[in-house]
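Hi,

Here is the structure I promised to pass on. My notes on what turned up follow just below it.

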Amino acid sequence: MSAPQPQNVMLFAAGFGTRMKALTKTCPKPMIPVAGRPLIDHTLDLALAMTPQNIVANLHYLPEVLAAHLAPKSVKLSHESPRVLDTGGGLRHALPLMGADPVFTANTDVIWKGANPFQVALDAWDPARMDALLVCIPSARCHGRKGPGDFSRDPQGRLHRGGDLVYGGVQILKTDDLAMIEEEVFSLNLLWNQMAQNERLFAVEYPGHWCDVGHPEGIALAEDLIANDVV
């Protein structure tokens with residue numbers, strides 16, 4: 001029997017975008033233009049290339065703007081109200097809109113230059129060993145990143161906190177254990193910590209470049225990355 005493959009994508013789009021300062025006063029961060037297109041469309045195109053059964057986006061801040069943009073693209077909408085639920089709570093809230101796990105999740109405030117990160121994850125996915133597989137980038141190939149890396153990887157590919165690897169925002173994740181978390185609002189870090197303790201949190205290294213567009217300076221950096229060849 002073949003191992004289950006992810007057929008659903010969760011796009012995280014509910015945040016307030018406070019690092020963007022005045023740019024998000026009347027515009028949700030995923031709708032900020034980057035290279036002439038809304039930021040979220042860059043990630044959406046990568047997700048669509050995988051021909052998933054469902055793509056779901058969670059909404060909270062200025063939801064009507066995102067809803068008007070995403071609904072015609074056949075993206076299902078998971079509204080979070082009265083409060084935003086963070087990544088873990090938001091994913092759990094959206095599960096009724098998706099099919100069976102595992103699922104892809106993706107941040108929508110980054111730009112990838114190179115291979116499709118969803119395909120990179122899928123090519124390395126081994127559900128017999130893994131409960132989550134995070135696409136990570138060495139800090140030397142990260143643009144606009146502020147602060148240290150997130151993880152290091154052992155020879156078997158298992159993740160440990162602290163190190164030179166930056167989580168790029170795309171992963172494959174089993175969702176069963178979300179039901180065990182009591183909090184309504186929580187980060188997926190809680191789930192990752194449990195998986196790491198069980199030695200089932202893994203990473204695959206992204207072979208290209210990546211840019212954080214969560215702050216104003218990241219827009220120009222991302223546009224340069226899109227326009228130019230990098231090595």
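In helix H4 (residues 117–124), the buried residues are Pro 117, Phe 118, Val 120 and Ala 121; buried means under 20% relative accessible area with a 1.4 Å probe, protein chains only. They sit on the same side of H4, because they cover an arc of only 160 degrees around the axis, taken from the directions from the helix axis to the C-beta atoms. Helices (H or I, at least four residues) and strands (E, at least two) are DSSP runs, numbered from the N terminus. At the start of H4, a side-chain oxygen of Asn 116 comes to within 2.9 Å of the backbone nitrogen of Phe 118.

Please bear in mind that this is a predicted model: local features need pLDDT of at least 70, side-chain atom pairs count only at pLDDT 80 or more, and totals for chains, interfaces and linings use all residues. Residues are numbered from 1 along each chain as its sequence is written, and side-chain values use heavy atoms, with hydrogens and water left out.

Next, the sheet. Three strands form an open sheet in the order E7-E14-E9, with mixed pairing; two strands pair if DSSP finds at least two bridges between them. Strand E7 (110–113) and strand E9 (142–143) are the edge strands, each pairing on one side only. E7 and E14 run antiparallel and are joined by four bridges. Within this sheet, Val 110 stands opposite Asp 212 in E14.

Best wishes

Notes. Buried < 20%, exposed > 50% of the residue type's maximum accessible area, 1.4 Å probe, protein only. Polar contact = N/O pair within 3.5 Å; in protein donor to acceptor, adjacent residues only side chain to side chain.
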